Amino acid sequence: MDVRDLMTHEVLTVAPEASLKEVARMLVEHRISGMPVCDRERRVVGVVSEGDILYKERGRIERGGGPLAWLVDGTRYTDVAKARARTARESMTAPAITIGPERPVAAAARLMVEAGVNRLPVVGEDGTLLGIVTRADLVRAFTRSDDEIAEEIREGVLKRTLWVDPSLFELSVRDGEVELAGELDTSADGVVLAKLVEKVPGVVSVRSAVTYRAESQPVGPR
């Protein structure tokens, strides 16, 4: 499953020149926590979120002691800038953390966790906004049925990625727990197979009983 399979195509955006009052009103009215900031060509230049608005709620941040004051009082330049911001451009987080539509869902999940973000604008090669994928989208993908998970393993992993005949493998999925048996050339192929199956949205665990033509012992997560 790729990001394009989960992303929302109709995305609420805001212009860089929009006032923070306008940004806050849009977030509240549409019940969202953040949105992309796009230029006139719909290229993503940043992301503005509830967290950025909250800097204004803290009140004005005064920073003294010269350009290295943050070493002493812990106040970052970005904190001061966001607290004084009046527009989306001045408040947004930039550059935006984005992802391409062809990337696997597992890559989106990893990027969200590592970057600590709740949403990823989906962009084309030129940076143009194509859609958006959120943590909620990834959680919904995790609730897929066992039949859907099994189908992706057969067609997406075995057939299209590893180029092996799915009919030569025994596959069962129960409550997201995968049991897999069959034959591959080497144990290295078995490791790749197990890792790919683990990344399929909805998979909880993988139990492999795959054997190998060039070797005799099975390998894989237990």
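The model is predicted, so local features need pLDDT of at least 70 and side-chain atom pairs count only at pLDDT 80 or more, while totals for chains, interfaces and linings use all residues. Residues are numbered from 1 along each chain as its sequence is written, and side-chain values use heavy atoms, with hydrogens and water left out.

**Largest pocket**

- The largest pocket has a volume of about 330 Å³. (A pocket is an open set of points on a 1 Å grid over the protein atoms alone, where a 1.4 Å probe fits, with protein on both sides within 12 Å along at least five of seven lines; its volume is the space filled by probe spheres set on the points, which are joined across faces, edges and corners.)
- Its lining has 18 residues, and M1, D2, P104, E152 and V157 lie nearest the centre. (Lining residues have an atom within 4 Å of a point.)
- Helix 6 (105-115) and helix 8 (146-159) each supply at least two lining residues. (Helices are DSSP runs of H or I with at least four residues, strands are runs of E with at least two, and both are numbered from the N terminus.)
- Helix 6 gives the most, with 4 residues.
- By class, the lining has 9 nonpolar, 2 polar and 7 charged residues. (Ala, Val, Leu, Ile, Met, Phe, Trp, Tyr, Cys and Pro count as nonpolar, Asp, Glu, Lys and Arg as charged, and the others, Gly among them, as polar.)

**Second largest pocket**

- This pocket holds about 280 Å³ of space.
- It is lined by 13 residues, with V47, T93, G116, V117 and R119 closest to its centre.
- Strand 2 (44-49) and strand 3 (119-123) are the elements that give two or more residues to the lining.

**Nonpolar cores**

- The largest nonpolar core has 18 residues, of which L193 and V197 touch the most other members. (A core is a set of buried Ala, Val, Leu, Ile, Met, Phe, Trp, Tyr and Cys residues joined through side-chain atoms within 4.5 Å; buried means under 20% relative accessible area with a 1.4 Å probe, protein chains only.)
- Helix 8, strand 5 (170-174), strand 6 (177-181) and helix 9 (187-198) each supply at least two residues of this core.
- Helix 8 gives the most to this core, with 5 residues.
- A second, separate core has 13 residues, including V23, L27, V37 and I53.

**Residue D5**

- D5 sits in the segment before helix 1 (20-30).
- D5 and V105 are 100 residues apart in sequence, yet 8.7 Å apart in space, C-alpha to C-alpha.

Definitions and conventions. Buried means under 20% relative accessible area, exposed over 50%, partly exposed in between (1.4 Å probe, protein chains only).
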